[in-house]
Amino acid sequence: ASLGAGPALRVRVVGAETGGESSPRGGAPIVYRLSAEDGAGGMEQVSLQRFSAFVELLQSLARERGAAAERGSAGAAVVETWRRQLTLEKRHTGKASRSEAVVRARCQLLQRMMDELCTVPQLAASASLAMFVSGIR
């Protein structure tokens with residue numbers, strides 16, 4: 001069974017931790033732990049993603065949807081709404097982005113985003129989302 005095969009995809013943001021290379025601005029970045037299940041009782045995959053990777057996912061989905069769907073589709077509207085929200089949330093940078101309150105709020109925000117993306121069949125079945133939850137860049 002492959003992840004991203006249909007609307008039964010379920011992605012959970014199960015936590016956050018410090019990980020990866022330290023940035024020049026100081027401190028290691030926060031990575032968010034994702035658990036993805038295909039809904040068919042199949043595999044569970046776990047991956048770690050930085051906040052910026054969620055922004056990149058939305059950009060990939062917008063490009064993918066732009067080529068395959070008309071503007072104004074449900075998928076395009078969902079992607080655009082979340083792109084705006086994450087752009088606002090990126091205001092937390094450096095040490096502020098690693099505070100416990102910001103990390104907890106981002107986990108909740110990212111969970112809502114993943115839930116909504118997975119309810120739109122053309123987004124749940126997209127190659128971009130499948131690669132993202134698999135940790136493939």
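Visitor: Which residue just after α5 takes a positive phi?

Guide: This is a predicted model. In it, a phi of about 85° occurs just after helix α5. The residue with this positive phi is G135.

Visitor: Which residues are buried in helix α5?

Guide: Helix α5 covers residues 127-134. Buried here requires a relative accessible area under 20%. The buried residues in α5 are S128, L129, A130, F132 and V133.

Visitor: Are α2 and α3 roughly parallel or roughly antiparallel?

Guide: Two packed helices are described by the angle and the distance between their axes. The axes of helix α2 (residues 74-89) and helix α3 (residues 100-119) come within 11 Å and cross at roughly 170°. Angles over 145 degrees count as roughly antiparallel. Therefore α2 and α3 are roughly antiparallel.

Visitor: How many residues of the contact of α2 with α3 are nonpolar?

Guide: On the α2 side, the contact includes V78, V79 and W82, while α3 contributes residues including V102, L109 and L110. The residues of this contact include 1 polar and 4 charged. The number of nonpolar residues is 9.

Visitor: Is R10 buried, partly exposed or exposed?

Guide: R10 lies in strand β1, which spans residues 10-18. The relative accessible area of R10 is 38%. Buried means under 20% and exposed means over 50%. R10 is therefore partly exposed.

Visitor: With which side chain does the side chain of R10 make a polar contact?

Guide: Beyond its neighbours within four places in sequence, R10 is in contact with S35, A36, E37, Q111 and D115. The polar contact between side chains has a distance of 2.7 Å. The partner of R10 in this polar contact is D115.

Note on methods: Residues numbered from 1 in each chain as written. Predicted model: local features only at pLDDT ≥ 70, side-chain atom pairs only at ≥ 80, totals over all residues. Heavy atoms only, no water. Helix = DSSP H or I, 4+ residues; strand = E, 2+ residues; numbered from the N terminus. Buried < 20%, exposed > 50% of the residue type's maximum accessible area, 1.4 Å probe, protein only. Contact = heavy atoms within 4.5 Å. Polar contact = N/O pair within 3.5 Å; in protein donor to acceptor, adjacent residues only side chain to side chain. Axes fitted to C-alpha atoms, helices over the stretch in contact; angles between N-to-C directions. Parallel < 35°, antiparallel > 145°, perpendicular 65-115°, else oblique. Nonpolar A, V, L, I, M, F, W, Y, C, P; charged D, E, K, R; others polar.
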